[in-house]
Amino acid sequence: MSKRLFSDPRYHLLVEALLKASKGIFSYRIPISDSKDEIDTLALIFNNASLQLARMFRELQITSPKFLQPKIFILIDKNHAINSYFDSAGLIIKNADPAVSLLQLLSDRSKKKYKRRFTLFLNSKDQEFDLGVIDFVSPEGLLIPLKARLYCPGRYTRLDLFLLIGYDPEDAIYMTKTKARSSPSPLALKVINSDSKNIYDYQLSEKLHRILMEGLHDGIPSLGDIAFKAAASVSRIKRVFKERFHQSILQYDMEKRLEGSLTILEGGAMSIKQVSHHFGFKTPAHFTQRFKRHFGVTPSQYRKNYFSKISERNLG
């Protein structure tokens with residue numbers, strides 16, 4: 001690893017996160033930058049591994065699905081000032097000195113999300129409110145995504161204090177009352193609004209790629225078909241896939257079908273019609289049209305040119 005990497009602050013975050021994981025603490029996530037370099041690649045791998053390990057150990061440790069162990073309790077006022085807190089594991093707040101404001105414990109993106117949802121809560125008449133997944137920042141600078149819930153025990157009293165409870169993002173939390181009119185939809189509660197969304201986007205992009213590769217010999221899919229198989233919205237799969245592969249989903253799918261057809265054409269065993277059906281094209285004409293647009297020649301011309309070169313090579 002180059003000296004440049006050793007001097008990069010993100011490298012030290014990676015080391016810190018690995019040390020946490022070596023102690024069996026899998027709550028931390030490494031922030032992903034816009035550099036898209038080797039450190040970001042390592043960070044994505046670590047985040048993915050940490051997420052999978054956390055799920056595995058949680059499944060091993062759960063003895064009663066009715067009991068959920070919160071990660072943190074924070075009592076705040078209307079101005080977000082911390083009145084008291086309980087963070088037994090020291091994930092977010094260490095020592096005895098709480099932060100002056102809860103906002104100091106949140107990532108930049110989560111600050112905006114939290115303030116927006118806190119305002120909605122103040123304007124509602126509910127005693128509890130889902131904030132969705134919020135990214136807290138550890139003293140070392142690592143991200144800790146927690147599913148946050150706000151409670152107002154003094155909603156109908158003069159006690160203007162609010163209790164924020166943070167749970168593991170994978171825990172199923174249910175409202176004890178009817179949903180607030182301003183509470184988020186299930187889609188809004190997903191981790192796509194989190195700073196740590198990179199790892200979830202990475203997992204979705206892997207799933208989308210697998211769906212495309214497994215369906216190369218089926219009919220050419222629509223965006224709706226792919227979104228349904230991936231259990232995600234069309235807008236999200238379009239964004240996530242393009243960020244990862246720098247192409248639209250349908251363009252990538254078409255390229256892989258056409259590239260795959262080259263090997264079959266070079267084999268010579270299948271007719272053009274059979275090749276077109278093998279890769280999901282409804283008609284040979286459609287296959288020929290897309291093939292020529294991509295490679296500059298028709299499938300028949302490509303096969304003819306290929307065998308001509310083989311013959312010339314053998315004669316030479």
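Where is the place of Ile-32? Ile-32 sits in the loop between α2 (9–22) and α3 (38–61); helices here are DSSP runs of H or I with at least four residues, strands are runs of E with at least two, and both are numbered from the N terminus. With a relative accessible area of 22%, Ile-32 is partly exposed, a label for values between buried (under 20% relative accessible area) and exposed (over 50%), computed with a 1.4 Å probe on protein chains only. From Ile-32 to Leu-42 the C-alpha to C-alpha distance is 9.9 Å, and the two are ten residues apart in sequence.

Before going further, a word on the ground rules. This is a predicted model, in which local features need pLDDT of at least 70 and side-chain atom pairs count only at pLDDT 80 or more, while totals for chains, interfaces and linings use all residues. Residues are numbered from 1 along each chain as its sequence is written, and side-chain values use heavy atoms, with hydrogens and water left out.

## Overview and confidence

The protein has eleven helices and five strands, and 42% of its 316 residues are buried. Contact means heavy atoms within 4.5 Å. Among contacts between residues at least 6 apart in sequence, 60% join residues at least 24 apart.

As for confidence, pLDDT is the predictor's own score for each residue, from 0 to 100. The protein averages 77, and 77% of the residues score at least 70. Helix α1 (residues 3–6) has the lowest confidence, with a mean of 60, and helix α10 (residues 284–295) the highest, at 93. Residues 62–67 have a pLDDT below 50, and that stretch has zero contacts in the model beyond near neighbours in sequence. Over residues 174–196 the pLDDT also stays under 50, but there the model has 49 contacts beyond four places in sequence.

## The sheet

Strands of a sheet pair through backbone hydrogen bonds, either parallel or antiparallel. Here, five strands form an open sheet in the order β2-β1-β5-β4-β3, with antiparallel pairing; two strands pair if DSSP finds at least two bridges between them. Because β2 and β3 stand at the edges with a single partner strand each, one side of each has no neighbour in the sheet. From one strand to the next, the twist averages 25 degrees.

What about β5? Six of its seven residues are buried, so β5 is largely enclosed by the rest of the structure. β5 pairs with β1 over six bridges and with β4 over five bridges, both in the antiparallel sense. Leu-164 of β5 is the bridge partner of Ile-74 and also of Leu-150, while Ile-165 of β5 has Arg-149 opposite.

## Cores and packing

In soluble globular proteins, nonpolar side chains tend to be buried together. A nonpolar core is a set of buried Ala, Val, Leu, Ile, Met, Phe, Trp, Tyr and Cys residues joined through side-chain atoms within 4.5 Å. The largest one has 34 residues, and Tyr-114 and Phe-136 touch the most other members. At least two residues of this core come from each of α2, α3, β1, α4 (108–123), β3 (128–137), β4 (143–151) and β5 (161–167). Another core lies apart from it, with 14 residues that include Leu-204, Leu-208, Ala-230 and Phe-241.

Beyond its neighbours within four places in sequence, Phe-136 contacts residues including Ile-74, Leu-102, Leu-142, Ile-144 and Leu-164. Helix α4 lies across β1, β3, β4 and β5 and runs at about 165 degrees to β3; axes are lines fitted to C-alpha atoms, for helices over the stretch in contact, and angles run from 0 to 180 degrees between N-to-C directions.

How do α8 and α10 pack? Their axes are 10 Å apart, at an angle of about 95 degrees. The two helices are therefore roughly perpendicular to each other, a term for angles of 65 to 115 degrees. Among the residues that meet there are Met-254, Leu-258 and Leu-262 in α8 and Phe-287, Phe-291 and Phe-295 in α10.

Most residues other than glycine have a negative phi.
|---|---|---|---|

How values were computed
Parallel < 35°, antiparallel > 145°, perpendicular 65-115°, else oblique.
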